[in-house]
Amino acid sequence: NVYHTNQTSGMTFLRAKDDGTMEFLLADDIGKIHRLFIQDDTLFSFTEIKFSDEVMEYLSDFPKLDFEEICYDRYTGEVYLTIEGNGDDHLLYHGICKLKFKDNDIFQDSVVKLEKLVFKPQEMFYSNLSPNIGYEGFASDENYFYLGLETIVTSEGSFSGHTMIKIADKNSLAIVKEISTENINISTVCGLYSDKNFSL
């Protein structure tokens, strides 16, 4: 009908239902999350995920609701959302949040809480973040989170032509490794998926 996404930034696969319908979650960079169903490759339907008053209150001070990546961790059943910071105090708003769905059920159409993850060391997490330049890729395997930075900005304010992928322990949220893409022909990260352990 007339329902559509505005600007899809992230997409994650949840499940294939018994009738073959594939179910996804989409992150929209205007501050919305949608549920997408695809049946027989050509039949699509969308529904909007609603936010509780608590979530709306948490987001109310953001200069822009700039949702980017959404990730379903198939090992834990959790869903994560990256948000880019904007404005003069952009570092206050950059973050990766765990979504808590109504009744702890990711198939419910209501998010009742956002829990911001605190990665350590925080200086490493926040390094190279700029207004409207943040983590546009996020993925998980059994033991690690992978955080893909959109780009590293040059001193002149332009894209540098390379970026950084940070790897964090899922239990401690400690960043254990940084990988520069400067020598592997990756200029930007706009999404990540881990197909198996230690693989992106």
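## A negative patch

A patch is built from residues with over 30% relative accessible area and no salt bridge, with like charges joined within 9 Å. In this predicted model, D18, D19, D40 and D41 form a negative surface patch. One of these, D41, sits in the loop between β3 (32-39) and β4 (43-48). D41 counts as exposed because its relative accessibility is 60%.

## Salt bridges across the chain

Side chains of opposite charge can pair when their charged atoms come close. Searching the whole structure turns up 9 salt bridges.

One of them joins K64 to D29, with the closest N and O atoms 3.6 Å apart. K64 belongs to the loop between α1 (53-59) and β6 (66-73) and D29 to the loop between β2 (22-28) and β3, so this pair ties together parts that are 35 residues apart in sequence. K64 is partly exposed at 33% relative accessibility, whereas D29 is buried at 8%.

## Strand partners and a buried pair

E48 and K32 also meet through their side chains, at 3.1 Å from N to O. Since E48 lies in strand β4 and K32 in strand β3, the bridge ties together parts 16 residues apart in sequence. E48 is partly exposed at 24%, and K32 is partly exposed at 30%.

D73 pairs with K170, their closest N and O atoms being 2.7 Å apart. D73 is in strand β6 and K170 in the loop between β12 (164-169) and β13 (175-180), so parts that are 97 residues apart in sequence are tied together. Both D73 and K170 are buried.

## A linked network

Finally, a network of salt bridges links R15, E23, R35 and D109.

Key. Residues numbered from 1 in each chain as written. Predicted model: local features only at pLDDT ≥ 70, side-chain atom pairs only at ≥ 80, totals over all residues. Heavy atoms only, no water. Patch = residues over 30% accessible without salt bridge, like charges linked within 9 Å, V, L, I, M, F, W, Y side chains within 5 Å. Areas by Shrake-Rupley, 256 points an atom, 1.4 Å probe, with all protein chains shown as cover. Salt bridge = Lys/Arg side-chain N within 4 Å of Asp/Glu carboxyl O. Lys, Arg positive; Asp, Glu negative; His and termini not counted. Charge placed at Lys NZ, Arg CZ, Asp CG, Glu CD. Helix = DSSP H or I, 4+ residues; strand = E, 2+ residues; numbered from the N terminus. Buried < 20%, exposed > 50% of the residue type's maximum accessible area, 1.4 Å probe, protein only.
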